[in-house]
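Okay, thanks for coming, everyone.

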Amino acid sequence: MSDTAESFHGHAHHAAPAPEGVTVRHDWSLAEVRALYQLPLLDLVHKAQTVHRQVFVENKVQLCSLLSIKTGGCSEDCAYCPQAARYKTGVKAEKLMAVPEVLAAATQARQAGATRFCMGAAWREVKDGPQFDSVLEMVRGVRALGMEACATLGMLTDSQAKRLREAGLSAYNHNLDTSPEHYGDIITTRTFDDRLRTLDRVRDAGISVCCGGIIGMGESVDDRCNLLRTLANQEVHPESVPINALVPVEGTPLAEQHRVETVDMVRTIATARLLMPQAMVRLSAGRMQMNEEAQLLCMLAGANSLFFGEKLLTTGNPEYTQDMALLEKAGIRPLEPRQDW
Ligand code: SAM
Ligand code: DTB
Ligand code: SF4
């Protein structure tokens, strides 16, 4: 049997034990991860799909909605990010949205089939005060609509994590983004360890952890493997792992990066599925650059969540009707709201 969140942290915020035959490990070596990542593609996909079906017997895909509640003007230097104030990307700095506006968007998302609503703010860290109080109000409102509420607001203190939990926050997104080795080439204004500390605070507050990364930022295969390995070697696996393909944005230092190849995206997703069998693996940014076949391959490799809606935070996403048509013709069923919310 595998470990669960309870065995480490004493709170009941976690998945059931892994099914027979599925091992949940926390001691992956780089060589082992690389050996998986570099398998012949179809062998890797087969392996990942086999594990996927053992854990996710119903094989459904969760539809999530994303809203930028506070856009642009960010003090950080994340090389991929259109919202960093220092890069001239055309993204205007805006104020925090008002609570009713956010809840109107959440209501719409719910009607369109979302079961998870994620709110993003272009902040380095959360500051206590009226703005944080509004975010807590948004979290309560989203939960009252019967959706999972996720937020991504930058670094958190223990007491902020606790207050988010008390407001009903289901999950907190805070990505490692890349390997510890490559991290310094991408972000200098806060460290990899800062990120790990925020993740610990989220975990300790009893909020489920959403943590993943971005590929296509000039990293090596070993960097990708070390990112996944760092995620999988946490005491408790993240419950949610977003895999983003870089959306290169003009004005950012990574504007000229080549588009991520389908095969690389599929390998990354399949390896994430094998390393973290029980996690929701989310096919996140980058779907605009992928055709339908590529997206289906990602789902075959173990991705079981999509963001739908015409925008991610500031960049484009496929049309809602196109997404729905793809799911429909492929007979992919959306995950229903859970009963224990
Ligand atoms: N400001 C907060 C933070 O950085 O923690 C929260 C919002 S931030 C925009 C959330 C995540 O979006 C980043 O960690 C990164 O993984 C992803 N992201 C941002 N820009 C991206 C891009 N151009 N392509 C792909 N992913 C991106
Ligand atoms: C994540 O890993 N991907 C989402 C979500 N977490 C917040 C964000 C993607 C942002 C893509 C760039 C943009 O639209 O600004
Ligand atoms: Fe700011 Fe987040 Fe963008 Fe980094 S990723 S520049 S912290 S909004």
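Predicted model: local features only at pLDDT ≥ 70, side-chain atom pairs only at ≥ 80, totals over all residues.

You'll find Asp177 in the loop between β4 (171–173) and α7 (180–186). The backbone is worth a look too: phi of Asp177 is near 70 degrees, a positive value in a residue other than glycine. Just as a reminder, most residues other than glycine have a negative phi.

Asn59 isn't a glycine either, and its phi is positive, at about 55 degrees. Asn59 sits in the loop between α3 (41–55) and β1 (62–70). And how does Asn59 count in terms of accessibility? Asn59 comes out as partly exposed, because its relative accessibility is 28%, and that falls between the 20% and 50% cut-offs.

Okay, on to the strands. Please find β8, residues 280–283. Both faces of this strand are covered. On one side you have Met280 and Arg282, on the other Val281 and Leu283, and all of them are buried.

If you want a landmark, Ile243 has Leu283 of β8 as its bridge partner. To get from β7 to β8, the chain goes through helix α10, residues 262–275, and that β-α-β crossover is right-handed.

Then there's β9, residues 305–308, also parallel to β8, with two bridges between them. Here the landmark is Arg282, which stands opposite Ser305 in β9. This time the helix in the unit is α11, residues 292–300, and β8, α11 and β9 together make a right-handed β-α-β unit.

Last stop: stay with α11 and look at what it packs on. That's α12, residues 320–330, at an angle of about 60 degrees, with the two axes 12 Å apart. That angle is why we call α11 and α12 oblique to each other, and their crossing is right-handed. The α11 side of the contact is Glu292, Gln295 and Leu296, while α12 brings Asp323, Leu326, Lys329 and Ala330.

Conventions: Residues numbered from 1 in each chain as written. Chains lettered and ligands numbered in written order. Heavy atoms only, no water. Buried < 20%, exposed > 50% of the residue type's maximum accessible area, 1.4 Å probe, protein only. Helix = DSSP H or I, 4+ residues; strand = E, 2+ residues; numbered from the N terminus. Pairing = 2+ DSSP bridges. Right-handed = clockwise from strand over helix to strand, strands pointing away. Axes fitted to C-alpha atoms, helices over the stretch in contact; angles between N-to-C directions. Parallel < 35°, antiparallel > 145°, perpendicular 65-115°, else oblique. Left-handed = near helix turned anticlockwise from the far one by under 90°. Contact = heavy atoms within 4.5 Å.
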